[in-house]
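Dear colleague,

Please find the structure below, with the sequence. My notes on what was found in it follow directly after.

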Amino acid sequence: MIDEQRAFWSKVAPSYDRVVDLQIGPATRALVRERLVREGRLGNAVEFGCGTGFYTQVLAERAERVVATDCSPGMLAMAQQRIDAANVRFRVEDCQRTTLADGAFDTAFMSLVIHFTEPAATLAEMRRILKPGGTLIISNLDPQALGGLARVRCLARIIYHGLTGYRTKPPKASLNHAPTEQQLHDLLIRAGFEVLSSETFRDPSRSSNIPVEYVRALRR
Ligand SMILES: C[S@@+](CC[C@H](N)C(=O)[O-])C[C@H]1O[C@@H](n2cnc3c(N)ncnc32)[C@H](O)[C@@H]1O
């Protein structure tokens, strides 16, 4: 499974930023990044599934140090080209089972990744590497938050731009595995977190653009 993810994302890495904006609406990730800018100091931070590094520079500006991880060497290569902050280190890691030390981080951040993983395993890993009292921030796609026709349009746009933009078979895990906001809260509580806040962002240019939940949680 992880090999399939690694191969797919390394292959599509050069097109990712263009295609994801077509899939989810051009302003969506920018809105989430603006929200991340408003976080306080992040201390020692880790990013799971950093992709092309769209959020990594903001993390670097707010943290003492950042370990930016992804399972895909191709994605990490793109991120390394983009980011020249001296306090960022890049590492290949499977976020469900990392080699990071117990309790090493004050903040863990992950955007648009959990639905490609076994969510309980990823959250357990985030809890393991966070210090008690540390903060988890997850940005999660939530197609279920849209009503009938809007949801159909949203999923059709994601599939269409994915197929035509990447021209390669996607990994098996898909948006069908994306937890709803409530499911994500329940998963977080079961994994040993307290949900602190939950906000929804959506590119307003189309009523069928996918909502993204920005969830902050405390590691108990
Ligand atoms: C949709 S992209 C999101 C990239 C970036 N976080 C963003 O929001 O633009 C998903 C990323 O998750 C990574 N990924 C998928 N499964 C992973 C896993 N098990 N461990 C680490 N990274 C993973 C992929 O390589 C890819 O870079």
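What share of the contacts in the protein chain with a separation of 6 or more comes from residues 24 or more positions apart? Such residues account for 68% of them, where contact means heavy atoms within 4.5 Å.

Before the details, a word on the basis of these values. This is a predicted model, in which local features need pLDDT of at least 70 and side-chain atom pairs count only at pLDDT 80 or more, while totals for chains, interfaces and linings use all residues. Residues are numbered from 1 along each chain as its sequence is written, and side-chain values use heavy atoms, with hydrogens and water left out.

Overall form

The protein chain contains eight helices and seven strands; these are DSSP runs numbered from the N terminus, with helices being H or I of at least four residues and strands E of at least two. Along the principal axes, the C-alpha atoms fill a box of roughly 45 × 35 × 30 Å.

Of the 220 residues, 53% count as buried (buried is under 20% relative accessible area, exposed over 50%, and partly exposed in between, with a 1.4 Å probe and protein chains only). The chain exposes about 9900 Å², of which carbon and sulfur atoms supply 53%; the areas come from the Shrake-Rupley method with a 1.4 Å probe, and for residues only the protein chains shown count as cover.

Nonpolar cores

In soluble globular proteins, nonpolar side chains tend to be buried together. A nonpolar core here is a set of buried Ala, Val, Leu, Ile, Met, Phe, Trp, Tyr and Cys residues joined through side-chain atoms within 4.5 Å. The largest one has 40 residues, and Trp9, Tyr16, Leu36, Val66, Val88 and Tyr166 touch the most other members. Helix α2 (residues 16–24) gives the largest share of this core, four residues. A second, separate core has 22 residues, including Ala108, Ile114, Ile129 and Ala217.

Setting aside residues up to four places away in sequence, Tyr16 touches Trp9, Arg29, Thr52, Met75, Leu112 and Tyr166.

Individual residues

Leu59 belongs to helix α4 (residues 56–62) and counts as buried because its relative accessibility is 1%. Beyond residues up to four places away in sequence, Leu59 touches Leu36, Leu42, Glu47, Val66 and Phe109. Its C-alpha atom is separated by 8.4 Å from that of Glu47, twelve residues apart along the chain.

Leu112 lies in the loop between β4 (105–111) and α6 (119–129). With a relative accessible area of 9%, Leu112 is buried. Apart from neighbours within four places in sequence, its contacts are Tyr16, Val20, Ile24, Arg29, Ser139 and Leu141.

Most residues other than glycine have a negative phi. Leu112, however, has a positive phi of about 55°, and phi of Arg167 is also positive, near 50°. Is Arg167 buried or exposed? At 72% relative accessibility, Arg167 counts as exposed; Arg167 is found in the loop between α7 (148–166) and α8 (181–190).

With kind regards
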